[in-house]
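User: I would like to learn how to read the features of a protein model. Please give the general idea each time, and then the case at hand.

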Amino acid sequence: MSDDALPKPQAPWTFLTSHARVLLTLARDPGARLRDVAATCVLTERTVQSIVADLEQGGYLTRVRQGRRNHYRISPRAKFRHPAEAGRDIAGLLALFTEDPPKTSPPPTPRREPQPA
């Protein structure tokens, strides 16, 4: 078996935190049940409940009761917490991950050179 055929081990880290994943999942579907958010984010429901409480306390979202379900309103003008991103709001992150992915155009067809007669 060649080295190219061996599965590559997955890195033990990811670019987005669990807090970011939960926020983005709720931004995509504000009426999602936390059980479904947990499944999407590969977290426990208890962890998601804790993260939602953190996000609510930090001003990133608000919980609104509609009938028997919670709906979540995201605050796109809320600021990132880390000093490296200080002063920037989360709207750009939300736009990057919640909008439909950009359409990719097919690669250009190669032009054929005219054949000499």
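This is a predicted model: local features need pLDDT of at least 70, side-chain atom pairs count only at pLDDT 80 or more; totals for chains, interfaces and linings use all residues.

User: How many helices and strands does the chain have, and in which order do the elements run?

Analyst: Helices (H or I, at least four residues) and strands (E, at least two) are DSSP runs, numbered from the N terminus. The chain has four helices and two strands. Read from the N terminus, the order is α-α-α-β-β-α.

User: How are burial and surface described for the chain?

Analyst: A residue is buried under 20% relative accessible area, exposed over 50%, and partly exposed in between (1.4 Å probe, protein chains only). Of the 117 residues in the chain, 21% are buried. Accessible areas come from the Shrake-Rupley method with a 1.4 Å probe; for residues, only the protein chains shown count as cover. The chain exposes about 9600 Å², and carbon and sulfur atoms supply 54% of this area.

User: What share of the contacts joins residues 24 or more positions apart?

Analyst: Contact means heavy atoms within 4.5 Å. Among contacts in the chain with a separation of 6 or more, 36% are between residues 24 or more positions apart.

User: How is the packing of H1 on H3 to be read?

Analyst: Axes are lines fitted to C-alpha atoms, for helices over the stretch in contact, and angles run from 0 to 180 degrees between N-to-C directions. Angles under 35 degrees count as roughly parallel, over 145 as roughly antiparallel, 65 to 115 as roughly perpendicular and the rest as oblique. The axes of H1 and H3 (residues 45-57) come within 10 Å and cross at roughly 80°, so H1 is roughly perpendicular to H3. From H1, Ser 18, His 19, Val 22, Leu 23 and Leu 26 meet Val 48, Ile 51, Val 52, Asp 54 and Leu 55 of H3. By class, this contact of H1 with H3 has seven nonpolar, two polar and one charged residues. Here Ala, Val, Leu, Ile, Met, Phe, Trp, Tyr, Cys and Pro count as nonpolar, Asp, Glu, Lys and Arg as charged, and the others, Gly among them, as polar.

User: At what angle do the axes of H2 and H3 cross?

Analyst: The H2 and H3 axes cross at roughly 105° and come within 8 Å; the two helices are therefore roughly perpendicular to each other. Leu 34, Arg 35, Val 37 and Ala 38 in H2 meet Glu 45, Val 48, Gln 49 and Val 52 in H3. The contact of H2 with H3 has five nonpolar, one polar and two charged residues by class.

User: Is Thr 25 buried or exposed?

Analyst: Thr 25 belongs to helix H1 and counts as buried, because its relative accessibility is 9%. Leaving aside neighbours within four places in sequence, Thr 25 is in contact with Val 37, Thr 40 and Cys 41. Thr 40 lies in H2 (residues 34-41) and is exposed, with a relative accessible area of 53%.

User: How is Ser 18 placed?

Analyst: Ser 18 is in helix H1 (residues 18-28) and is partly exposed at 26% relative accessible area. Apart from neighbours within four places in sequence, Ser 18 is in contact with Leu 43 and Ile 51. The C-alpha atoms of Ser 18 and Cys 41, 23 residues apart along the chain, are separated by 7.3 Å.

User: What is to be noted about the phi of Val 42?

Analyst: Most residues other than glycine have a negative phi. Val 42 has a positive phi, near 55°. Val 42 is in the loop between H2 and H3 and is exposed, with a relative accessible area of 72%.

User: How do strands E1 and E2 run, and how many bridges join them?

Analyst: Two strands pair if DSSP finds at least two bridges between them. Strands E1 (residues 61-66) and E2 (residues 69-74) run antiparallel and are joined by six bridges. Leu 61 has Ile 74 in E2 as its bridge partner, and Val 64 stands opposite His 71 in E2. The hairpin of E1 and E2 has two residues between the strands, and Gly 67 takes a positive phi near 65° there.

Terms used
Residues are numbered from 1 along each chain as its sequence is written. Side-chain values use heavy atoms; hydrogens and water are left out.
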